[in-house]
Amino acid sequence: MKQTLISIVKRKISPMFNKVLLFCAAVFLVGGLAAPLQAGGIKVAAVFETPIEEPWVNQIHVALLQAKKEMGIEYTWSESVKSADFARIMRDYAEKGYQLITGDSFGAERIARRVARDYPQVSFVFGSGIGPAEPNFGVFDNWIHEPAYLSGMIAGKMTKTNILGVVAAMPIPEVNRLSNAFCSGAKEVNKNVRCKFSFIGSFFDPPKAKEAALAQIEAGADVLYAERFGVIEACKEKGVLAISNMSDQSSLGPDTVITGPVWDMWPTIKHVVTLVKAGVPTAQDFGGFSYMGKGGSYLAPYHNWDSKLPASVKAMVEKRKAEMLDGTFRADIDESAPKSD
Amino acid sequence: MEEIISQIFQVGFFTAIIRIATPFVFATIGELFAERSGVLNLGIEGIMMFGAMTGFSTAYFTSSLWLGILAAMLTGMLMAALMGFLTVSLGLSQHVSGIGITMLSTGFAFFFYRIIFGQPSTLPNIKAFTPVGIPVLKDIPWIGPVLFEQTTLTYLAFAVVPLAAFLLYKTPWGLNLRTVGENPHAADSAGVSVSAMRYQGLIISGALMGIAGAYLVMVQFNAFTFGVISGRGWICIALVVFGQWGPWKSAAGALLFAMIDALQLRLQASSIIDLPYQIFLMMPFVRAMMAVEMRAPAALLIPFRKEER
């Protein structure tokens, strides 16, 4: 019995195994030949702490894919890298000759900086809440408080109950400044507005975000800022309005989502890749490239709401937007933890 | 203050409690079956995640929500059977095996989701379960909308509790299961197969955990995301302790936990009590830790080897 089993294994498996080996060899060969053809492009790697679906991370990923298409970079990435593996994965890419390593380092801030010091010839540019470090650690962040402010103005005009809701992940500076900007935009155009803030204590828990949104709707909120996934679904269910976040999410509820701040990482990535290609050091804060003026953030298109939004509201937003772009109006940056009114 | 009081006495608050409690009831009763047979199933967190993933994918491709639930159940049973192989057949450490199953299942969920859906720029979604009102009963003022305008899965969850109580305490099968958890040697000499009972306890636990995971992505939301379980499985482990290994008390614990959760969401949205919301999230755990009379099944965590004393 044993004998036959082994012979079956030998007969059936080993030719298959050989084929797999041959295939692998072929892939390596083709890969090896193809690589020199891409000269001119640089090798870029991204290390993300969360799955690629996380809205924040996804915006970086999308911009890098665009850079792959338009700037000819070679791009690969690792997702869901926990703090314990962060250094290993970063070093791995650095050793393999990647010239630019990017990603988000919020949970592994110190680790990322320590690794960067060991590879001075590699550029590290990470999403970070703190500053850049010489000689090679640059930072960027989602500075999209300007369109968040504009969305707030729309919400302030559209609310009938004068109660606005914000459902967000947790009170960290990146989240706080958007929430505060949203609320102050609303208060600028409507003095009677009260803002409610709920934190779900997690970046990825749509059922909980939905429950938090339902609780706010029960308390009278009729325009909600959906900082996290799950809120738009609650608004759709209860027939109230929503402001999306990070990307254009109108497709989730064309009649529910009016608009929302969009973060576009393309200007940042384009600038960084250009610098690295030219051999320029990148230990600086690229946050400015996420401002509206640089095209790094904007208000999502109105889609269905283009015809439904009152002309006066649209004109008001356009005026404020123009002032922001001209530099004559600055949306305040308030990173303190917001409290419900 | 008036604002929060008026909110707490709203129908929506109680509806939310039942809605939030449902997955906890399923998974807690599941965990209870495993623990009463003497196996601590720490695979719960991962099994819920994997069940959520297969349930969602099946529903996505077949457009049948119930097939999704079935797939989630089967997934849970499969992973629980693997847990049984490690802890019952091989007699390995239940802690290590359980954590291993959680990591493996989470990894599987991640891996297969990527293979099936790739890296979508927008989350693929399904049409979720909608509440089904029970005729006549749903018209009872106040109680009607709270209890009788929920989804079918919620009704099932609350049917599972008396069913579990009946099975455990009123049937010979339940007696065998409990005896295996208390004194496997006695059960063995009475001709009860300890390993068969433990496998059964585990497989039931896996099925219920799978449904609990699927509920989160098919009722409370309409898409699968990786963090969707967010520690709910671990909470169920605490709820079993809180419920002193009894189905009614465990279900009551799930309701209490859901109430605290629904309450903290409402307190956050008002500005009355200025306490960090984490305090509220902590409360059921504190109660679980303070349970003085730990009435855990005597043979919990102890592998059974037939010819060993």
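Two residues are taken to be in contact if their C-beta atoms, placed from the backbone, lie within 7 Å. The legends below describe a predicted model.

**Figure 1. The five-stranded sheet of chain A and the helices lying across its strands.** The strands of this open sheet follow the order β2-β1-β3-β4-β5 and pair in parallel. At the edges stand β2 (74-78) and β5 (137-140) of chain A, each with a single partner strand, so one side of each has no neighbour in the sheet. On average, neighbouring strands are turned by 20 degrees against each other, direction ignored. Five bridges in the parallel sense join strand β1 (residues 43-47) of chain A to β2(A). A45(A) has T76(A) in β2(A) as its bridge partner. Helix α2(A) lies across β1, β2, β3 (100-104) and β4 (123-127) of chain A and runs at about 160 degrees to β2(A). Helix α9 (residues 266-277) of chain A lies across β3, β4 and β5 of that chain, at about 155 degrees to β3(A).

**Figure 2. The four-stranded sheet of chain A, with β6(A) and its partners.** This open sheet has the order β7-β6-β8-β9, again with parallel pairing. Its edges are formed by β7 and β9 (241-243) of chain A; each has a single partner strand, so one side of each is left without a neighbour in the sheet. The twist from one strand to the next averages 25 degrees. Strand β6 (residues 163-168) of chain A is joined by four bridges to strand β8 (residues 223-226) of chain A, and by six bridges to β7(A). G165(A) is paired with L224(A) in β8(A), while V167(A) stands opposite S198(A) in β7(A).

**Figure 3. Burial of β6(A) and the helix across it.** Six of the six residues of β6(A) are buried. In a regular strand the side chains alternate between the two faces of the sheet. On one side of β6(A), the buried residues are I163(A), G165(A) and V167(A); on the other they are L164(A), V166(A) and A168(A). Helix α6 (residues 173-189) of chain A lies across β6, β7 and β8 of chain A and runs at about 170 degrees to β6(A).

**Figure 4. Helix α2 of chain B.** Helix α2(B) covers residues 11-36, and its 26 residues reach 36 Å from first C-alpha to last, close to the 38 Å expected at 1.5 Å a residue. A kink of about 35 degrees lies at A21(B), shortly before the proline P23(B). Of the 26 residues of α2(B), 22 are buried, so the helix is largely enclosed by the rest of the structure. Just after α2(B), G38(B) adopts a positive phi of about 105 degrees.

**Figure 5. The surroundings of L153(B).** L153(B) belongs to helix α7 (residues 152-170) of chain B. This residue counts as buried because 22 C-beta neighbours lie inside 10 Å, where 20 or more are required. Leaving aside neighbours within four places in sequence, the contacts of L153(B) are T22(B), F129(B), Y215(B) and V219(B). The C-alpha atoms of L153(B) and V136(B), 17 residues apart along the chain, are separated by 19 Å.

**Figure 6. The contact between chains A and B.** Chain A contributes 30 residues and chain B 25 residues. On the chain A side, α2 (55-71), β7 (194-199) and α7 (206-218) each supply at least two residues. The largest share of that side, 10 residues, comes from α7(A). By class, the side of chain A that touches chain B has 13 nonpolar, seven polar and 10 charged residues.

How values were computed. Residues are numbered from 1 along each chain as its sequence is written. Chains are lettered from A and ligands numbered from 1 in the order in which they are written. This is a predicted model: local features need pLDDT of at least 70, side-chain atom pairs count only at pLDDT 80 or more; totals for chains, interfaces and linings use all residues. The expected span of a helix is 1.5 Å times one less than its number of residues. The bend at a residue is the angle between axes fitted to the seven residues ending there and the seven starting there. A residue is buried if 20 or more other C-beta atoms lie within 10 Å of its own, exposed if 12 or fewer, and partly exposed in between; C-beta atoms are placed from the backbone. Ala, Val, Leu, Ile, Met, Phe, Trp, Tyr, Cys and Pro count as nonpolar, Asp, Glu, Lys and Arg as charged, and the others, Gly among them, as polar. Two strands pair if DSSP finds at least two bridges between them. Axes are lines fitted to C-alpha atoms, for helices over the stretch in contact, and angles run from 0 to 180 degrees between N-to-C directions.
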